[in-house]
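Reader: I am new to this structure and would like to go through it step by step. Please show it, and then I will ask.

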Amino acid sequence: MSSGDRAPRPVGATTLDDLTRALAELRAWAGGPSYAALATRVGGLRSERGLRTGRPGKVTVYDCFRPGRRRLDGELYLDLVTVLGVPAGDLAHWLIPGAWANGV
């Protein structure tokens with residue numbers, strides 16, 4: 001991720017597969033951190049917020065990037081978007097409809 005590059009956005013995403021592709025783009029933009037590293041970052045973010053949900057497993061994180069999903073853990077998805085470096089002002093672009101997510 002270069003300081004001059006803007007974080008990708010899920011422009012035109014209408015399906016969960018579109019969102020998982022956009023999330024994969026965001027991961028690449030962020031330098032391709034491992035799923036284990038992302039799980040650790042999400043755990044730290046949740047600790048900062050005082051949440052008890054804690055650190056997700058790396059397979060759970062990996063599953064968020066896998067196409068073919070019917071639902072997506074909305075909280076984990078937004079936590080991943082956050083730890084991948086999307087500025088707070090751009091998070092609204094990454095919100096997902098409740099019908100696609102559980103936990104939102």
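Author: The expected span of a helix is 1.5 Å times one less than its number of residues. Helices (H or I, at least four residues) and strands (E, at least two) are DSSP runs, numbered from the N terminus. This is a predicted model, in which local features need pLDDT of at least 70 and side-chain atom pairs count only at pLDDT 80 or more, while totals for chains, interfaces and linings use all residues. Residues are numbered from 1 along each chain as its sequence is written, and side-chain values use heavy atoms, with hydrogens and water left out.

Reader: How far apart are the end C-alpha atoms of helix α1?

Author: Helix α1 covers residues 16-29, which makes 14 residues. At 1.5 Å a residue, α1 should span 20 Å. The separation of its end C-alpha atoms agrees with this, at 20 Å.

Reader: Is L26 buried or exposed?

Author: L26 lies in helix α1. Buried means under 20% relative accessible area, exposed over 50%, and partly exposed in between (1.4 Å probe, protein chains only). The relative accessibility of L26 is 0%, so L26 counts as buried.

Reader: Which residues does L26 touch, not counting residues up to four places away in sequence?

Author: Contact means heavy atoms within 4.5 Å. Residues up to four places away in sequence are not counted here. What remains for L26 is A7, P8, V81, L84, V86 and W94.

Reader: How do α2 and α4 lie to each other?

Author: Axes are lines fitted to C-alpha atoms, for helices over the stretch in contact, and angles run from 0 to 180 degrees between N-to-C directions. For α2 (residues 35-48) and α4 (residues 74-83), the axes are 9 Å apart and the angle is about 100°. Angles under 35 degrees count as roughly parallel, over 145 as roughly antiparallel, 65 to 115 as roughly perpendicular and the rest as oblique. Therefore α2 and α4 are roughly perpendicular to each other.
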